Amino acid sequence: EEVVVFAAASLKTALDRIAADYEAASGNSVTISYAGSNALAKQIIEGAPADLFLSAAVNWMDEVEKAGLVAEGTRRDLLGNSLVLVAHGRGSAPVEIGPGFDLGGLLGGEKLAMALVDAVPAGQYGKASLETLGIWDAVAPSVAQADNVRATLALVASGEAPYGIVYATDAAADESVSVVGTFPADSHPPIVYPAALLTGAEDAADRAFFERLGAPEAAAVFEAQGFTILK
Amino acid sequence: MTLSVALQHRFGEFALDTAFEAPAGVTALFGHSGSGKTTVVNAVAGLLRPDCGRVLAQGERLLDTEAGLWLPPHRRRVGYVFQDARLLPHLSVRQNLLYGRWFSRGPRRADFGRVVEMLGLGALLARRPGGLSGGEKQRVALGRAILSDPRLLLMDEPLAALDEGRKAEILPYLERLRDELHLPILYVSHSVAEVARLATTVILLEAGRVVAAGPAAQVLSSPAAARALGIREAGALLAARRGPAEADGLVRLDSGGGPLWLPLTPALEALPEGAPLRLRILAQDVMLALAPPQGISALNMLPGRIEEILPGERDALVRLSVEGEALLARITLRSLRLLDLAPGRRAYAVLKTVAVAPENVGGTGEAS
Amino acid sequence: MTLSVALQHRFGEFALDTAFEAPAGVTALFGHSGSGKTTVVNAVAGLLRPDCGRVLAQGERLLDTEAGLWLPPHRRRVGYVFQDARLLPHLSVRQNLLYGRWFSRGPRRADFGRVVEMLGLGALLARRPGGLSGGEKQRVALGRAILSDPRLLLMDEPLAALDEGRKAEILPYLERLRDELHLPILYVSHSVAEVARLATTVILLEAGRVVAAGPAAQVLSSPAAARALGIREAGALLAARRGPAEADGLVRLDSGGGPLWLPLTPALEALPEGAPLRLRILAQDVMLALAPPQGISALNMLPGRIEEILPGERDALVRLSVEGEALLARITLRSLRLLDLAPGRRAYAVLKTVAVAPENVGGTGEAS
Amino acid sequence: MTDWLSPDEWRAVALSLRVSTVATLVSLPFGILVALALARGRFPGKALLNGLVHLPLILPPVVTGYLLLMTFGRRGSVGQYLDQWFGIVFAFRWTGAALAAGIMGFPLMVRAIRLALEAVDPRLEQAASTLGASRPWVFLTVTLPLILPGIVAGAILAFAKAMGEFGATITFVSNIPGQTQTLPSAIYSFLQVPGGESNAARLVLVAILVAMIALLLSEWLSRAIARRIAGA
Amino acid sequence: MTDWLSPDEWRAVALSLRVSTVATLVSLPFGILVALALARGRFPGKALLNGLVHLPLILPPVVTGYLLLMTFGRRGSVGQYLDQWFGIVFAFRWTGAALAAGIMGFPLMVRAIRLALEAVDPRLEQAASTLGASRPWVFLTVTLPLILPGIVAGAILAFAKAMGEFGATITFVSNIPGQTQTLPSAIYSFLQVPGGESNAARLVLVAILVAMIALLLSEWLSRAIARRIAGA
Ligand SMILES: Nc1ncnc2c1ncn2[C@@H]1O[C@H](COP(=O)(O)OP(=O)(O)OP(=O)(O)O)[C@@H](O)[C@H]1O
Ligand SMILES: Nc1ncnc2c1ncn2[C@@H]1O[C@H](COP(=O)(O)OP(=O)(O)OP(=O)(O)O)[C@@H](O)[C@H]1O
Ligand code: MOO
Ligand SMILES: [Mg+2]
Ligand SMILES: [Mg+2]
């Protein structure tokens, strides 16, 4: 039995581990295709042979659902994440992020690295948060947008930009950046990774792996990567 | 009619407007650089699509712009020896030679081994064209065209890059081709000697137009053409039959005007007794005498009658009729005066035996 | 010493091993196709880096493999006329002609307008090489080399693609070049007539080796070289001085052997009275007579003594000394017997005035 | 050595090689035809064809990928008929990856071959035609051998591009290990997660290695051909 | 018509044009030099140079972007010295986008020029040298005019590639509207959100339009050059 999973690329480390455990335990094989959520969603809509979809954004799961490809009642919000401000280098002083936070002053004329603020979820959340905090208009001209979170982080890691906004999960593992603050969870829409079984893929193995994602063993792995488990 | 050509074409300032008939045998295209010789040959080969024209080869229409007919080059079966050899650089000499065979149907008239030997290509077969000398390239091109078993050969100054020795070796072979294979040949050359030896018909081109055309003997002997050919090349063609060889290495040729003795060259040796042949006698190689001179090394003397004298600036062309055949002699105005020559007077044409150049001796191109 | 060449090079089976000295004037490289002529010329131009060798031009070393010296082509200042014209396709004819000028320093010895007129290039100046005829291309190449103001001209069969008329027009120009510009010229040609007219020195190559070398008169007159040249091209060179022109269009030339009369050609007309010149007299244009023949159109007779008879298979070469100058006559074995000719006997050399071909008349290449 | 890459990674390497090779070989005849049409042909839609060929170069690869997905996907305008009538499916198969790679490399291949075609001396082709070779034979026996260096150059460009193609491929056929995961997709996956850089670097090295070998082979081949043509 | 694109989109179009033009023109001399070295040169590191030139083709664009960032970034191994000594900064500038585009198009440009170089008849260059032209002059007056069609072809390939380049550019200089947001970045952004397709399609059309005009111009130019060379 083969389970084909389409998953947002940012889930790779955790999901690879969970899949390996599952394969060892069940004897079924799990094949995971990692790409951007938008591409995966479109592929699913175009008939990709996927059994499960793990999206990094709500809107792309909505698209799949609209196309009638989500198996009745299987969609659920699997994981959450938080948004942090990272700085280049290890020893940067922590800052308090709240209303009126002087990010512009912190940048000192340099760039703030973010994911695409209108297109990539991490960018969209970041922009929303900065708007809520009332500093978006001041910061906007200094924003350098990358096409994904890892590229954003690379801009900070390489020192190209002194600060950047990324997911907590991405910030943790990088030696050359430090987290200097976390954006208040209520300053942006909840960061949610929805998961669903896809129509026509409701055999035992698929279901089993889908269930497995919510199991405590999986939760531990996700949490180790910095994700929060949504109930 | 073997080949009938009528062409009109314009290249900027240059306008080609020619029509001629080429009977069996070799038809020489003759004319100054830029007179349109290559253009004509290209149109016959199908490499140039003339503005207007008709080309018929052995009854088949190759081109007829009025009827909208244009046969592509590969269906014309013309063997073309180009002014620049145009060997295929990625093929060996052997493959170049055999290239035409890949496409030809029907019997193979030219023998590979014989062509290779004749053109001295044996040592080159495995080589590639890149490193060949100019003459070597042209020899391969010649062999390639012959071996493609064409029904018409087009040659654009094929021998210009060859030395005298090689030329002398190849010319008899071209003659044999012409005679044995009954291949019509359209031949561009700057050498009157070559043309005289090979050509049945001569077409004189000037600035894209035919200024003289006809049987070689007639065109080359006509004093009028002498001017176009250059005075040094003026001469007459004499028909003769090969007589018996004699003990001292000479052979008798029976011309209309009387017997002539020539050294027995390999070319002559190859002809059977009684075979018709052609002698070209340059006007400048003919002396006139009032009586047969004695004690002189010239063996050949023909008695004749002066028909016409065309005086030039410094010398004169004298047309002599020798038993109905025409001979041209070029003499100085001083000699004209000293000997008191005039039309109607009798005179002896004296020619040095060996002044009859061997390449000016050839078969007639008609079946013997 | 103007040009000194010593070369060794190997191309597969072909091995070049030549050494020769080329004094001022024209040095002709002569030999069969594939004998290595182009290879030598390329090595002199710097286009071929020979395995081993030395080339000195007017005192400057162009190549010395022992000393590790190799001057690149552009610093050798050689004007090279290639067997294939090699015009630059992206430039107009005018630009091709002027190309060398872009790089040359110093005084301009060749005049653009004059070269253009001489070579008949006026109407072609605005054209591109693509559409030129074979002869037109070669004329442009010639002009281009001359206009680059070289100190050495290399010519690889420059006239082979030209018709007789053009050749006759260009030859005097090459002579003038040689004489006026004191340009040494290394000249490859298959035409003995060209070589005889132009060359001061002749180098005979065979299979990459020099088989004869020396002053043109000597090499071309030597009966031994006759075999290499082809018997029809054997002949002697006679030094003479131009005498006065006479009323009937003839001019007297005073040779060592006595006076000769020739038609006054433009080339002769251009020479002042008393100018030294050179006549080439082909062995086959000379008849021998025991007494001066009467009533004959031949004007020129020179009394001489038979020095040597070299019998061949069918004819013999007779060397005659005419007041110390050598003449060659080619006669049949039959005439030899009939006239009972033998060394030591006296005989008259009879030549048809006009058999002295105009292009075999030229300045000597020495300052007059 | 085998431990150095995981089984999935080995499969990605093997797949990339297969995809690139197939893409190159299959597109070669089309490349030659299109180059011929562009270099020699005279027909109304020539400018359009030229534009079409260049399109994959002009568009961001992702766009090409989307267009492929819309066209050759299982519900795509062409894809569904190919499936129904010929049973050919590109979507989410390695064949799709090859299609994407082939299309992305096509402009490079065509241009190289076209340049070589334009450098062929037409007088040689004329000479061949007077010897009896019809147009197709002239092409096979003269033109083709003479443009071989251009074909090799075009093929190596297409192959290299295929080895590196990512955007169009992942968009069209996704990133399914063992089926559509090429080396660049695998590299991408690693680059998307924290700490994946060293793994990515390993795969980058493999990609460079493979491509360099292909490059050296092609150079050697070109030189051998050039020597053959220059002759001696 | 001006309403058809937003001001930011207009700026993206203008920037893409500028980036592509500059990338093409600036890399041209280098492309010619490298093509010369590869076609004619004989030196120890030749295979390496050849490999290096092809690298941007072989690697996924994102990797090239990362490598550029590491090398030419402000703290990159080369970048910091460029900044310190010459004041040249690529980071977050359109110049960086041009650098990325130029490097991505470089292998295409070099190959086209190299093919043209290899087709030049060395006998013509020899003829020029006997007329007194030194190597550089021969190159300028003979080789260069003869390879012009190849140069045009190389330039148009590089230009087209630059118009479509996305992965390396966004990774290296990110996406700052008006500064580094090229057309492909803008297109990509639209494709990331549901329903963005029609907007993306609009920009794709613009990209195609611009590239087609460039293509037609280049074809016309090539043909004019070819006619000039064929002569008459
Ligand atoms: N690059 C080369 N590679 C191999 N062999 C060569 C090369 N160049 C010349 N040869 C050979 O060297 C010999 C001499 O050639 P070269 O071109 O010097 O002859 P040539 O005397 O100029 O002949 P031609 O009168 O026909 O032009 C020939 O046999 C030729 O095949
Ligand atoms: N493609 C062309 N475009 C323009 N003019 C041309 C073209 N081909 C030939 N010509 C011109 O037509 C005339 C005749 O050329 P052609 O090649 O037929 O001469 P030719 O008699 O063969 O001369 P040659 O003896 O020098 O080879 C020349 O003036 C030439 O410049
Ligand atoms: O055209 Mo790309 O940016 O090499 O996939
Ligand atoms: Mg011609
Ligand atoms: Mg030669």
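In this predicted model, residues 137-160 of chain D are 100% helix and 0% strand, with the end C-alpha atoms sitting 31 Å apart. That span is one of those that UniProt, in an unreviewed entry, labels "transmembrane region"; the record also lists 20-39, 51-73, 85-106 and 200-218 of chain D. Residues 51-73 of chain D come out at 87% helix and 0% strand, and here the end C-alpha atoms are 23 Å apart.

Chain D also carries a nonpolar surface patch of about 540 Å², put together from D:Leu209, D:Ile213, D:Leu217, D:Trp220 and D:Leu221. D:Leu209 belongs to helix α10, residues 197-230 of chain D, and counts as exposed because its relative accessibility is 57%, against a cut-off of over 50%.

Now for the rings. Over all chains there are 21 aromatic pairs. One of them joins C:Tyr99 and C:Phe103 edge-to-face, at 5.0 Å centre to centre and with 65° between the planes. C:Tyr99 is buried at 0% relative accessible area, and C:Phe103 is buried too, at 12%. In chain A, a single aromatic cluster takes in A:Tyr167, A:Tyr193, A:Phe222 and A:Phe227.

A:Lys12 puts its charged end over the ring of D:Phe190, 4.6 Å from the centre. Within chain D, the charged end of D:Arg18 sits over the ring of D:Trp94, also 4.6 Å from its centre.

Over in chain B, B:Ala247 lies in the loop between β12 (235-245) and β13 (250-255). B:Ala247 is exposed, at 88% relative accessible area. From B:Pro89 it is 158 residues away in sequence and 51 Å away in space, C-alpha to C-alpha.

Definitions and conventions. Residues are numbered from 1 along each chain as its sequence is written. Chains are lettered from A and ligands numbered from 1 in the order in which they are written. This is a predicted model: local features need pLDDT of at least 70, side-chain atom pairs count only at pLDDT 80 or more; totals for chains, interfaces and linings use all residues. Side-chain values use heavy atoms; hydrogens and water are left out. UniProt positions are given in the numbering used here, feature names are shortened, and annotations may be inferred rather than shown by experiment. Helices (H or I, at least four residues) and strands (E, at least two) are DSSP runs, numbered from the N terminus. Buried means under 20% relative accessible area, exposed over 50%, partly exposed in between (1.4 Å probe, protein chains only). Patches are made of residues with over 30% relative accessible area and no salt bridge: like charges are joined within 9 Å, nonpolar side chains (Val, Leu, Ile, Met, Phe, Trp, Tyr) within 5 Å. Accessible areas come from the Shrake-Rupley method with a 1.4 Å probe; for residues, only the protein chains shown count as cover. A salt bridge is a side-chain nitrogen of Lys or Arg within 4 Å of a carboxyl oxygen of Asp or Glu. Rings of Phe, Tyr and Trp (its six-membered ring) pair if their centres lie within 6.5 Å; planes under 30 degrees apart count as stacked, over 60 as edge-to-face and the rest as tilted. A charge sits over a ring if NZ of Lys or CZ of Arg is within 6 Å of the ring centre and within 35 degrees of the ring normal.
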